[in-house]
Amino acid sequence: MRHRILATLLYTEWLSFKREKSLLLFTLLLLAAGFYGIYSGHAEISRQRTKLAGLEQLYQDNISEMNAKYPDGADAGDIGYYHSAFARNLPDSWAALSIGQRDANPYYIKLRLLAVQNQLYNSENTNPDKLASGTFDLAFVLVYILPLFIVAICFNIYSAEKERGTLGSILSQPVSLSALLFAKFLFRFLLILTLVIFLSLVGISVNTATADSRLWLWIGGTVLYSLFWLGVCYVIVVLKKNSAFNAVSLLGLWLLFTVIMPVTFNVIIQIRQPLSEGLQLTLKQREEVHAGWDRPKEQTMQRFFTYYPKYRNTPEIGARFEWKWYYAFQELGDRSVDSLYKVYSHKLKSRSHLTSELSKLSPPATFQLFLNALCGTDIRAQLDFMESAVQYHNKLKAFYYPYLFYKKPFLESDFAFEPRHAHQSVADRNAIYPALIAMLIAFLAVLFAGAVLQLLVSSEIR
Amino acid sequence: MEFVLEARGLCKSYLENRALKPLNLSLQQGEIFSLLGPNGAGKSTTINLFLGFIKPSSGAAYINGIEVARNPVEIKRYLAYIPEQVVLYPNLTGLENLSLLSCLAGYRYNKQELRGLLMKAGLQSEAIDRYTGGYSKGMRQKVGIAGALAKKAKVLLLDEPTSGLDPKASNEFSVLLQQLSEEGTAVFMATHDIFRAREVSTRIGIMKAGELVHELRSGDMDANELEKLYLNYMHD
Amino acid sequence: MIRTISQKEVTSVLRDKRFVLIGVIVVLLLVAAVITGIISYKQLSAERTIAQQEASNDFKDQPARHPHRMAHYGSYAFRPKSSFSFFDFGLDSYTGTMVYLEAHQQNSSNFSTVQQSGSLLRFGELTVAFVLQWLIPLLIIFLSFNTFTQEKEDATIKNLLSQGMTVGEIALGKLHGYLKVLTLILVPALLATFVFMFLANDLKFNGDFLLRLALFVAAYSIYFFIFLALCILVSAFNQYSRTALISLLAIWIFCCILLPKITANMGSLLFPAPVKAEMDALVHHAASKGIDGHNPQDKRRADLTKKLLAKYKVDSVSQLPVNIDGVIMAEGEAYSSRVYAEEFDKLADTFRKQSSISEWAGFVNPFQAIRYISMGLAGTDAAHYVHFLKAAEAYRYQLTQHLNHLQASKLKYHDKDTRLDSSHWKNYPEFEYRQPPVTFALSRHWISIAALLTWGILLLSLFRYLISRLFKP
């Protein structure tokens, strides 16, 4: 009996949905936004992939130039100075679904053998206007537009029936108000579920994203996030106010969670954790490197040898200028700011930690973090890339230093042995589950609030 | 004999305002009871109490012997309700609306049976498959009646059923009610229409300021006398 | 008659507790935006001023050195915060704050806020402009969505019409009344804002600042008028408050959230920009055809040498009265800087084209028009950023050439040991960035200004006509 009533109510919702122009319009708009988001995310990541692939040509051109310049083999010092290699941050196959911070941060770093701290923070040619406007990827559609869609189809669940007068007809049948509301929410949930899964699958297949366990996490997170917003609608709907009140308060809550809260958190972070270490580090590093020219060569080399004892027995510096001495004080410049660099990365990490802690209060912010973490496009992924670029620079040093210290000429064929770099961004697994739990708690909280309100608000129907 | 609709000391007050003073009333199968009274006299409150939409402050309403306030869902198997403005889902057809209502009531009819019910309620056959958004009040009422027929309602609650109906539709409606009554349905309606009430009812009540001030059998007096009696009460 | 209607609207709005509540919230947010704006302005300003001072002093305090070492030592340009920037952060969080200025190469501007922040920044920033551009339109919607529909639902509109008033007159009265309400809320809030600013900051009360302020107020007044007029039109067109509200909220979502993102995305898809590595390679390639200061094998160097030898009628470079190393370096710097400037202009032009789609969208969406005008007036738009980058590059070029000329005139050929005394750097002028005048901002955003004015003028002149055409009883 009960499930038959439920089935009837669901069927009626389906009939109404099919014939209600506005509902159909909202659904089409959500789909259109979703498709555009998938397209534009795909276009952005494809562009990045093309540019990343294009770096190979620049690299080869540079090698040809070197070979033409030094046809009979070169001093590795000259190669280290004029030749550049690239550290590449390859996007994860999911990146196009949630571009995250990938548009704001450089996705490759051009590296020479010189001090790495002077090269690590170079930025990319990006239009700040575009960055400020943000990307229109599938994540944007899910974080921002999906809640608006949910609000649009749910805000008048009760009030429309009451205002139209159909509520009396339904409730004079053996159906309780709770059953009616449940059926209506269930129908909308099923509709959202279908749309969200459809869009996600389209996004995943368009981008040929690897269908690993993240498929379930993505869909699970999205469903949880949808449930949270359905819960918010439930809280407002059980107050049994009119449609205009519902629309205004739900949009207000959307604004609160999606805009006002993140914006406020951002202010808190900027004020509580100011970050001037980057500037300090750059200034200090320049002083250290340039001081190298004036320090006694022997002193520089002795300091260098404490880090590289194996070169201790190589010939002393005799000439006015020798490349190995030059690179030695470049490296010492890096090492002198090592502690500042650690502080800087630590502060970036603690900023990202504070961000995720504060975000727990705002499900949209948490959901955005969740999606970015899942797609390997969050700030953590960027820090990993920078760390891997530093490691790559170390490998380059390990490759070139023997040429410098053992006076080996650098031949054309030696380029084949130069270490190459391609960092693959990966999902930030540590951030995924806390975000899921935060969203689950948020959902349970609104559900509880709604249930309490339902008990408090008079059950009479007038 | 068991009563299908009964009020025992049924009473409703909002803060200081007593919307309904203790009401005692009982209807047997096939009886038609008309409740007369000005706006705000407590007629709709009485109906809402029988429907369980609002809860009594004291006393109780019973449908088919079951207390309404404690079994708000169960009693709806036995009653049908036709509000003043019967509102159907405008983007469903008459047939679909009836199908929805009867399914919710727990009945399964095929299209032919539903069609038959609508025809029995007097709906023109060409209207059955049109969206009810374009229906007149009389047509929507007929769908409501069909709903009552579909669920084999023992009690039919009506709120101002004939207001806004043209005389022909009004007459058709009275005929329908009598048919239902002959089949054993008890009808309880709130109305302003003294003439129709006198014509169609078996019993009539006059309500004023939340109190049932007079009750009579419709055979007791003619329409003119009834109007005089009504106005008398109102002038006090 | 119109005055009566206006008075009625003012009275009924002020009696509405809900509206007063929303008004108070908006004003509080405005004050919060001012405070955080000032805090963040002071923090970033101090950080950059100190760093700039440090960098400039480092340069000045260098001991006797070879000039080319000084050219490699270089300097830094920090972008100062515009004094108007706490009204509207604009793109400031998305632009680099520091450029390293050295010989032979043009570096990127680094350490933007966005690169050092997580995803929260992408949700927006709490500024006065945010409240004015986003929230006040919402306030206007809540204020006026049912101005006609309520009268239709209560049938009071029939009373008014039967008094012989036309719909146009009623609408004008309403417009007048709501403008009064908005003024009542905003003028004290803005006055308080200004007082706050002047108390908290030592701002220069010069003509440019006051002109910006006046234009700011004027532009936002037009913006609010546009939204209010639209709301009244929508309310006249709809029969139910519910549908009027939903339509207006949909318009708000479309204008303030969706369209700006869509046009920005379209811009960057339609006009792709080269990545920095490509641009560097291009500049390098083009410049290496000319004279490379560090490259003695370059044949252009030979040409220049030949020319100089012929000019001074000597046989060898060591006999030249000038140091050819410095001359070659200066020529190389001139050539590569010219190539870079061309590429940079192309890039800036690409960015302008990307944004132009959003600027033209101002004709459809007043939000986008006010956004650019506001950023322009605050000096936080892309044009001001490019202006800073060019100023930094100009300083880099002059500094490098100054040092090259010192090398050419004061040092001998192949002299790597002589050091010039420190007075040569001590007296070199520091990098001091001057923000361009307000006319710069206005000329960069004529499309947006035209769009906003078109909206304002069209709505003002056609308001009565549109109302009477759209009105549905």
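How far apart are the nearest C-alpha atoms of chain B and chain C, which do not touch? They are 17 Å apart.

## Before you start

This is a predicted model, where local features need pLDDT of at least 70 and side-chain atom pairs count only at pLDDT 80 or more, while totals for chains, interfaces and linings use all residues. Residues are numbered from 1 along each chain as its sequence is written, and chains are lettered from A and ligands numbered from 1 in the order in which they are written.

## Chain C against chain A

Two pairs of chains are in contact, and A with C is the pair that shares the most contacts. Here a contact means that the C-beta atoms of two residues, placed from the backbone, lie within 7 Å. On that basis, 66 residues of chain C meet 66 residues of chain A.

Helix 9 of chain C gives the largest share of its side, 15 residues. Other elements giving two or more residues include helix 2 (17-60) and strand 3 (105-110) of chain C. (Helices, H or I with at least four residues, and strands, E with at least two, are DSSP runs numbered from the N terminus.) By class, this side of chain C has 34 nonpolar, 22 polar and 10 charged residues. Ala, Val, Leu, Ile, Met, Phe, Trp, Tyr, Cys and Pro count as nonpolar, Asp, Glu, Lys and Arg as charged, and the others, Gly among them, as polar.

## Chain A against chain B

This contact takes 23 residues from chain A and 26 from chain B. Helix 1 of chain A brings the largest share of the chain A side, six residues. That side splits into eight nonpolar, 10 polar and five charged residues.

## Inside chain B

Chain B is divided into domain 1 (1-78 + 156-236) and domain 2 (90-153), with bounds from an automatic or database domain assignment. Their C-alpha centres lie 24 Å apart, and 11 residues of domain 1 of chain B touch 10 of domain 2 of chain B. On the domain 1 side, helix 5 (residues 167-182) of chain B gives the most, with four residues.

## A helix pair in chain C

Helix 2 and helix 4 (residues 128-144) of chain C pack at about 175°, with axes 10 Å apart. Axes are lines fitted to C-alpha atoms, for helices over the stretch in contact, and angles run from 0 to 180 degrees between N-to-C directions. The two helices of chain C are therefore roughly antiparallel (an angle over 145 degrees).

Among the residues in this contact are Phe19(C) and Leu30(C) of helix 2 and Phe130(C) and Leu139(C) of helix 4. The contact has 15 nonpolar, two polar and no charged residues.

Conventions:
Angles under 35 degrees count as roughly parallel, over 145 as roughly antiparallel, 65 to 115 as roughly perpendicular and the rest as oblique.
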